[in-house]
Amino acid sequence: MVAIDTVRNFDVHSAVVTLWTFRGPAGPARENPRYSGRWTRTTDDVDEALKATFVDEVNRIEEVKNYGLLEENHETSALLIGLDETHVGYVLEKCAAETQNRQASRREHIANSSFYLAKFTVQDAIVYGVRKADQMWKTKRAMNFRTMVFRDGELDIDDRPRFDISCTFDFIVADGEILCLNKRNFESILRYKQAHQNDFSQLQGEPEFIAAFADLAPLVEFVGSNKIQLRRASAIRQKGHYRDASFMENLRQRHSECGLTLEFNRQGQIVATPETCSDVVTALLDHRLTSRFSEMYFDVPSSTAVEV
C-alpha cells in the first residue's frame, strides 16, 4: 500500500497547486468515458484551503482496506484500488500540462462542472485530490437563487459568480493507486454503475451461470438498474461460486437450515421468483454465515476467508 505512505510523507505545504474542473463522464456506457477539463488560476487563499483539506483528509485515515464491490469505508478509513482498475487515467491525461488553450478565462468554462481536481506538485512528485462538484456549480442553481452576504449589520446581494469548494475530497490519487474516501461519489465520477451494468450483462451470457438457473428473467428483473444490486451481481461474478459444483450441491442440500428460501427444479437448477431473488443473491454471494460462538446465522457485507 504505497499510496498511503506517499501522501503521509508528501510535503504538501511546499506544493504548487493547480485547480482543474471537469465535465463528464460522457459517451455511451459501453465505451470508455470522455472527460473535458480546464485549469484556472487561483489565489493563495484558495491554494492554502486546498492544502488544508489535503492535510485533514490524510490525517483522518487510520485504516486502509482493499476496495471491494461491497466493501464500505467509514470516516477514518480509506479503500485502496489500483489506478488501472478505473477510468482515472483518462482524467489525469487531461491535466498533464497547464497549457494556455486549456485555461479557464470565462465563468462558462467552469460552470456546470461535474467535479474538480486539485493537483499538488513538488518537483517530480504529484498527488491529486478529487471532489464531486455541488449544486453551486450549476448554472440552473445560479439562475434560481440570489446570493446574499451579511456585512455591516445588514444583508446585501452579492451577484459575483460563486463556486464552493468542499472541506473534503472524495478520493486521493498517488503512486498509481487511489485512496477512496467517499465511495458513492468515487463511483459516480468514474462511472462505476455503468461498469457494473456491463459486468451484469456479461454474467448473463456465461454458460455456467445460465445453467445454474431454470430461468434468468426473474433475477434480471430483480437486479434491474439498482446500483446496490448491480454491485452484488458483479461480486457474484467475481466470486464465481456458481461455477463450483461442490458449493452448488451444498447450497441445494443446506439452504433451508440456513434460513434461505430457495427453490430448485428436478435438474437441480435454481427456480428464481420475485419472492426468492433476494435470498438467491445472498446465497451466491456466500453471505449467510454462522457464528461458532453464538451459533446464530447472520448476513455480512463481505465474506473474506480467514485462516485459523
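This is a predicted model: local features need pLDDT of at least 70, side-chain atom pairs count only at pLDDT 80 or more; totals for chains, interfaces and linings use all residues.
## A buried arginine

A polar contact is a pair of N or O atoms within 3.5 Å; within protein, one of them must be able to donate a hydrogen and the other to accept it. The side chain of R38 reaches the backbone oxygen of Q103 at 3.3 Å.

R38 is found in strand 2. This arginine is buried and yet has no salt bridge. The nearest side chain of opposite charge belongs to E108, and it is 9.7 Å away. So who surrounds R38? Leaving aside neighbours within four places in sequence, R38 is in contact with L19, W20, T21, N101, R102, Q103, A104 and H109.

## Strand 5 and its partners

How many of the 8 residues of strand 5 are buried? The count is 7, so strand 5 (residues 115-122) is largely enclosed by the rest of the structure. Strand 5 pairs with strand 1 (residues 16-26) in the antiparallel sense, over 7 bridges. Here you can find W20, which stands opposite L117 in strand 5.

Strand 5 is also joined to strand 6 by 8 bridges, and these two strands run antiparallel. F115 has K132 of strand 6 as its bridge partner. Together, strand 5 and strand 6 form a hairpin with 2 residues between them. In the turn, Q123 has a positive phi of about 55 degrees. Moving along the sheet, strand 6 (residues 125-132) is joined to strand 9 (residues 171-174) by 3 bridges, again antiparallel. Y128 stands opposite V173 in strand 9.

## Salt bridges

The structure holds 13 salt bridges. One of them joins E98 and K119, whose closest N and O atoms are 3.1 Å apart. This pair links distant parts of the chain: E98 is in the loop between helix 3 (88-94) and helix 4 (107-110), while K119 is in strand 5, 21 residues apart. E98 has 30% relative accessibility, so it counts as partly exposed.

R237 takes part in another group. Its side chain meets that of D199 in a salt bridge at 2.4 Å, N to O. Here too distant parts of the chain are linked, with R237 in helix 10 (residues 227-239) and D199 in helix 7 (residues 192-204), 38 residues apart. R237 also forms a salt bridge with E206, the closest N and O atoms being 2.9 Å apart. E206 lies in the loop between helix 7 and helix 8 (207-211), 31 residues from R237. With a relative accessible area of 11%, under the 20% limit, E206 is buried. Salt bridges that share partners join D199, E206, R237 and R243 into one network.

Terms used
Residues are numbered from 1 along each chain as its sequence is written. Side-chain values use heavy atoms; hydrogens and water are left out. Two strands pair if DSSP finds at least two bridges between them. Helices (H or I, at least four residues) and strands (E, at least two) are DSSP runs, numbered from the N terminus. Buried means under 20% relative accessible area, exposed over 50%, partly exposed in between (1.4 Å probe, protein chains only). Lys and Arg count as positive and Asp and Glu as negative; His and the chain ends are not counted. A salt bridge is a side-chain nitrogen of Lys or Arg within 4 Å of a carboxyl oxygen of Asp or Glu. Contact means heavy atoms within 4.5 Å.
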